[in-house]
Amino acid sequence: MTPTRRALLSAALGGAAAAGLPGAGAHAASWQQKWAPSAAADGLKAFETIEDDRANSHPAGHPHILPDGDNFRFNMHTVDRDTMTDRQRQEITGLRNGGSYLKWLPGQTWRLTYSMFIPSSLKATTTFTHIMQMKQPGNGTSPIVVQSLRRVKGMQTIELQLPISGTLIGRTNLDPLHDTWTDVDFQIKIGDKTAGSVRWILKSGGTTVIDKSATGVDTFLGDRVRPKWGIYRSLGDTSGSLQNTYLLLTNLRGYQLV
């Protein structure tokens, strides 16, 4: 049964110190909301592209990605295969407003807030299981940021990494976040080499679980940066953790620092 969704992040977007904004002044920067889709009203038109069983490996499971009340739902079955058959992928990309989509470019700072429900059937694995990525559009491009479910010394964790440099931003225990709604606050300044920065906050039940950030990092490859959500996982797991599962997202919001 679909769980009752939590309310949008209970705290306001926060003041200058919390967001890393400049001090008070006539032209102090502020977050401006640019994207606020409704699963019930907008459906999958909220996104730039839909990668739903692009290899057509499991027609009986279609659609794998769908609006479910106020939630966006991603279903994954053990029989599902991507076009690269050693992995599975059910993902959406980009932030669409009507007929256009938002372009994240070098020098810009963006913020995403949303709530996610990770059931206990969506387990951390010994190989990659990503539930959010930042990438340059195009086939075969490397991820810039990944939010992943990873087993570390047998423990299930959720982490944020920058694969370009192999930088681990933060990691925390996944078990307390199973079968409940978790609020995500992700911020990124887009910059090449050492011009970028990121901040990653998870909250559960109003309590901050993790709040980690990094500056002077590489958050740009080329063209633009585009967010992705869903389930993207390797079949090479050795812990026996791959099951039929799903992921729910709700209250997605996008902000630009201007």
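Which side chain does a polar contact of 3.0 Å join to that of Ser 241? Select Ser 241 and find Arg 151, whose side chain is the partner. A polar contact here is a pair of N or O atoms within 3.5 Å; within protein, one must be able to donate a hydrogen and the other to accept it, and residues adjacent in sequence count only if both atoms are side-chain atoms.

Before moving on, note that this is a predicted model, where local features need pLDDT of at least 70, side-chain atom pairs count only at pLDDT 80 or more, and totals for chains, interfaces and linings use all residues. Residues are numbered from 1 along each chain as its sequence is written, and side-chain values use heavy atoms, with hydrogens and water left out.

**Stop 1: Ser 241**

Stay on Ser 241. It sits in the loop between E16 and strand E17 (245–257). Strands (E, at least two residues) and helices (H or I, at least four) are DSSP runs, numbered from the N terminus. Ser 241 has a relative accessible area of 1%, so it is buried. The scale is this: buried means under 20% relative accessible area, exposed over 50%, and partly exposed in between (1.4 Å probe, protein chains only). Now show what Ser 241 touches: Ser 121, Lys 123, Ala 124, Thr 125 and Arg 151, leaving out residues up to four places away in sequence. Contact means heavy atoms within 4.5 Å.

**Stop 2: Thr 129**

Thr 129 belongs to strand E9 (residues 129–135). Buried or exposed? Thr 129 is buried, at 1% relative accessible area. Beyond neighbours within four places in sequence, Thr 129 is in contact with Leu 122, Lys 123, Gln 147, Ser 148, Leu 149, Tyr 232 and Arg 233.

**Stop 3: Tyr 232**

Select Tyr 232 from that list. It is buried, with a relative accessible area of 8%. The structure holds nine aromatic pairs. Tyr 232 and Phe 128 form one that is tilted, 5.0 Å centre to centre with 50° between the planes. Phe 128 lies in the loop between E8 and E9 and Tyr 232 in strand E16, so the pair ties together parts 104 residues apart in sequence. The rule: rings of Phe, Tyr and Trp (its six-membered ring) pair if their centres lie within 6.5 Å; planes under 30 degrees apart count as stacked, over 60 as edge-to-face and the rest as tilted.

A charge sits over a ring if NZ of Lys or CZ of Arg is within 6 Å of the ring centre and within 35 degrees of the ring normal. For another case, select Arg 73: its charged end sits over the ring of Tyr 246, 4.1 Å from the centre.

**Stop 4: the salt bridges**

How many salt bridges are there? The count comes to 14. Each is a side-chain nitrogen of Lys or Arg within 4 Å of a carboxyl oxygen of Asp or Glu.

Zoom to Glu 91 and Lys 228, where the closest N and O atoms are 3.0 Å apart. Glu 91 is in strand E5 and Lys 228 in strand E16 (residues 226–234), 137 residues apart. Glu 91 is buried at 0% relative accessibility, and Lys 228 is buried at 5%.

Move to Arg 54 and Asp 82, which meet at 2.7 Å, N to O. The two are 28 residues apart, Arg 54 in the loop between strand E2 (49–52) and strand E3 (65–68), Asp 82 in the loop between strand E4 (71–76) and strand E5 (87–93). Arg 54 is partly exposed at 36%, whereas Asp 82 is buried at 2%.

**Stop 5: the nonpolar core**

Select Trp 104, Met 116, Ile 158 and Trp 229. Of the 48 residues in the largest nonpolar core, these touch the most other members. Strand E8 (residues 109–117) gives the largest share of this core, four residues. Such a core is a set of buried Ala, Val, Leu, Ile, Met, Phe, Trp, Tyr and Cys residues joined through side-chain atoms within 4.5 Å. Trp 229 also belongs to an aromatic cluster with Trp 35, Phe 47, Phe 72 and Tyr 114.

**Last stop: Asn 97**

Asn 97 is in contact with Lys 34, Trp 35 and Leu 102, neighbours within four places in sequence aside. It is partly exposed, at 32% relative accessible area.
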